[in-house]
Amino acid sequence: MRLSVLDQSPIRKGGTAETAVAETLALAKACDSLGYHRYWLAEHHNSNSFAGSCPEILIGRVAQETKHLRVGSGGVMLTHYSPLKVAEQFRMLELLSPGRIDLGIGRAPGSDQRTTLALQAGPQGFGIDAFPSQVHLLRQFLADAAGLAPFPDDHPYRGVHAMPRGSGIPEIWLLGSGIHSAVYAAELGLPFSHAYFISTEGSEDACTEYRARFKPSAFCREPRISLGVAALVAESEAEAERLALSRNLWVVRLLTGHPIPFPSPEEAAQHPLTEQEKRLLSGIEKRAIVGAPKMVRDRLSELAAMHGAEELVIVTITYDYASRLRSYELLADSFDLRSK
């Protein structure tokens, strides 16, 4: 079982974006030595909770600071951008860190509707229905730049290359939390990373549908599934549950339209919950795995087996950096990553 990391660069209450990014770099270096397989950086916009607005920049720095990890996006929200520009960004990253770059692609906006409009390059952006065509064009630009498959003679972009050209190509993954993304990944012949930490509903069906409909491609010869899971490990179950209060309240506030920076466990414990918030909290707790090392390891292994996932991408958020780092250390030890 491979374990990887998804880092959203969380900003704690009273903290700063500078601190959040510094902690991302420190955590990446630690996870590099702990035996994790890849390190993905998220994309969020106009957020007081996350500092990671441009994974394509953070990827370059994290790759420079580490030695063994694959480093990539979890993900680039492609509906905001030109496929050619994304292809060029990741061609440059691949040139700087050959064989270590991943391009995870998502179709969610990663922000609110007004921010989505502000991200558009012109008066008319890409609709969600254009997403498969964007992914296909992005793949074509990357294949052409690597000399694997030039554009057909009659293609309107024949002779337009994603620069810098050269050998090697980022490992492309399609990210999603539902069956539509699973079908897109299957039809396009790409690995699929299911965001279980966002939605557990229909997750097994999505993975089953992906395998059933998968079409081999030059980018992926057989179905590959990873599962993005919210997990938190501490020395005891009680301590893990205490630490989880921060993220739980943050998600409750986000879903009720009142987002906040991540609160301390003490503040979260004292927050009075409405009946609506209590119902939301129950669902939030069910889609995260929180506890002592053996319980979390066993539950994660069971979850991977249920979905046919070869890899788990772990997202862990705590109020303080030390407990977040300790969670990844305990998880690595429970899976004996350093001996693999």
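Does Arg 224 count as buried or exposed, and at what relative accessibility? At 19% relative accessibility, Arg 224 counts as buried, where buried means under 20% relative accessible area, exposed over 50%, and partly exposed in between (1.4 Å probe, protein chains only).

The structure is a predicted model, in which local features need pLDDT of at least 70 and side-chain atom pairs count only at pLDDT 80 or more, while totals for chains, interfaces and linings use all residues. Residues are numbered from 1 along each chain as its sequence is written, and side-chain values use heavy atoms, with hydrogens and water left out.

Figure 1. A salt bridge is a side-chain nitrogen of Lys or Arg within 4 Å of a carboxyl oxygen of Asp or Glu. Arg 224 meets Glu 171 in such a pair (3.5 Å, N to O). Glu 171 lies in strand S6 (residues 171-176) and Arg 224 in the loop between H7 and S8, so the pair ties together parts that are 53 residues apart in sequence. Helices (H or I, at least four residues) and strands (E, at least two) are DSSP runs, numbered from the N terminus. A salt bridge also joins Glu 311 to Arg 38 (2.7 Å, N to O). Because Glu 311 belongs to strand S10 (residues 311-315) and Arg 38 to strand S2 (residues 38-41), this pair ties together parts that are 273 residues apart in sequence. Both Glu 311 and Arg 38 are buried. A network of salt bridges links Arg 38, Arg 70, Asp 102, Glu 171, Arg 224, Glu 310 and Glu 311.

**Figure 2. The salt bridge between Lys 13 and Glu 267.** The closest N and O atoms of Lys 13 and Glu 267 are 3.1 Å apart. Lys 13 lies in the loop between strand S1 (2-7) and helix H1 (17-34) and Glu 267 in helix H9 (residues 265-270), so the pair ties together parts that are 254 residues apart in sequence. Lys 13 is partly exposed, at 42% relative accessible area, and Glu 267 is partly exposed, at 31%.

**Figure 3. The two sides of helix H7.** Helix H7 (residues 203-213) has Ser 203, Ala 206, Cys 207 and Tyr 210 as its buried residues. Seen down the axis of H7, these fall within an arc of 95° and so line one face of the helix; the arc is that of the directions from the helix axis to the C-beta atoms. On the other side, Asp 205 and Ala 212 are exposed.
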